[in-house]
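Here is a short report for a first look. Keep the sequence and the structure in view while reading.

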Amino acid sequence: MFKEKINSARLPKHIAIIMDGNGRWAKQKGFLRAFGHEEGTKAVRDVVEGCAEIGVNNLTLYAFSTENWSRPKREVDTLMRLLVNSLKKEIKTLTENNIKLKSIGNIDNLPKKAQKELQEVISKTAENTRMTLTLALSYGSREEIIHMVKDISEKVKNNEISPDAVDESIINQHLYTRNLPDVDLLIRTSGEQRISNFLLWQIAYAELYFTPILWPDFRRENLFEAIYNYQTRERRFGKTSEQIS
Ligand code: IPE
Ligand code: IPE
Ligand code: MG
């Protein structure tokens, strides 16, 4: 059991997960990809509860990328329908566990129904304090960066910010993730070892953890193993090992 091995004083402040492998999971079992997405929602629930259980404060899940809009329309429709259904169903889990829901990404691109459901859950959970769960929906890091540059440029034009004042903190304040700490641990399931346009700025010093487990099979024990592995690493942030210890 990895849970007992975790040092609760050194938990990652922010965990981000690229939930990958739903399609392959279904295909291996002879099902349609849609079933993999459906089963993936069970993994989401378990991991969210697992984070709350051990005291992780921020969890960000990559649910749908800007590039995922290029998938066949049928699959996109399934994913949007699942999103609405899950939001409806999971409001209970979120409330019981005192979890606040947020989203990052270009939400205007989602179907109206999904936008409405999302806004509803966000406002109903806004006062919750135990953990922030952020869903990356229609999210792409490059889109986020473009959005940030446009916002800052506009403020510079209106003399609200001087160009000399632009620093890391100003940039952070203009990203979708503005109220979140940097990512400490980034997990990707399914064996792929790439970032796929996720949180490029925010993972500058994140520890990366790749596992071959396909997302629908991922459970809190797998998450605890990833956290335990994270805690065995020495994070140097450019310094020498001697400076750290
Ligand atoms: C992740 O699973 C879910 C989304 C990207 C929406 P995939 O659908 O990418 O599954 P694979 O990678 O094809 O197995
Ligand atoms: C990344 O998975 C996006 C999400 C998990 C939502 P993809 O399956 O879309 O990534 P690529 O295209 O294989 O890199
Ligand atoms: Mg994939």
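## The model

This is a predicted model, in which local features need pLDDT of at least 70 and side-chain atom pairs count only at pLDDT 80 or more, while totals for chains, interfaces and linings use all residues. Residues are numbered from 1 along each chain as its sequence is written, chains are lettered from A and ligands numbered from 1 in the order in which they are written, and side-chain values use heavy atoms, leaving out hydrogens and water.

Helices (H or I, at least four residues) and strands (E, at least two) are DSSP runs, numbered from the N terminus. Two strands pair if DSSP finds at least two bridges between them.

## The sheet

Six strands form an open sheet, with 6 strands in the order β3-β4-β2-β1-β5-β6. The pairing is parallel. The edges are β3 (99-104) and β6 (207-210). Each has a single partner strand, so one side of each is left without a neighbour in the sheet. From one strand to the next, the twist averages 20 degrees. Axes are lines fitted to C-alpha atoms, for helices over the stretch in contact, and angles run from 0 to 180 degrees between N-to-C directions.

Strand β1 (residues 14-18) pairs with strand β2 (residues 58-65) over 5 bridges, in the parallel sense. Ala16 stands opposite Thr60 in β2. Strand β2 also holds Ser65. Ser65 counts as buried, at 7% relative accessibility. Buried means under 20% relative accessible area, exposed over 50%, and partly exposed in between (1.4 Å probe, protein chains only). Leaving aside neighbours within four places in sequence, Ser65 is in contact (heavy atoms within 4.5 Å) with Ser138 and Tyr139.

## Helices across the sheet

Helix α2 (residues 33-54) lies across β1, β2, β3 and β4 (131-139). Helix α2 runs at about 160 degrees to β2. Helix α7 (residues 220-231) lies across β1, β5 (185-188) and β6. Helix α7 runs at about 135 degrees to β5.

How far apart are the end C-alpha atoms of α2? They are 32 Å apart. That agrees with the 32 Å its 22 residues should span at 1.5 Å a residue. The expected span is 1.5 Å times one less than the number of residues. The buried residues of α2 include Gly36, His37, Gly40, Ala43, Val47 and Ile54. Gly55 follows α2 and has a positive phi, near 95 degrees.

## Helix α3

Helix α3 (residues 73-96) has 24 residues. They should span 34 Å, and the end C-alpha atoms are 35 Å apart, which agrees. Helix α3 has a kink of about 40 degrees, centred on Glu90. The bend at a residue is the angle between axes fitted to the seven residues ending there and the seven starting there.

Glu90 is itself among the buried residues of α3. Others include Val76, Leu79, Leu83 and Leu87. An α-helix has 3.6 residues a turn, so residues three or four places apart point the same way. The cover over the buried residues of α3 includes α2, β2, β3, α4 (112-124) and β4. Asn98 follows α3, with a positive phi near 60 degrees.

## Two residues in loops

Ser190 lies in the loop between β5 and β6. Its phi is positive, near 85 degrees, though Ser190 is not glycine. Ser190 is buried, with a relative accessible area of 8%.

Phe237 lies in the loop between α7 and α8 (241-244). Phe237 also has a positive phi, of about 45 degrees, without being a glycine. Phe237 is partly exposed, with a relative accessible area of 45%.
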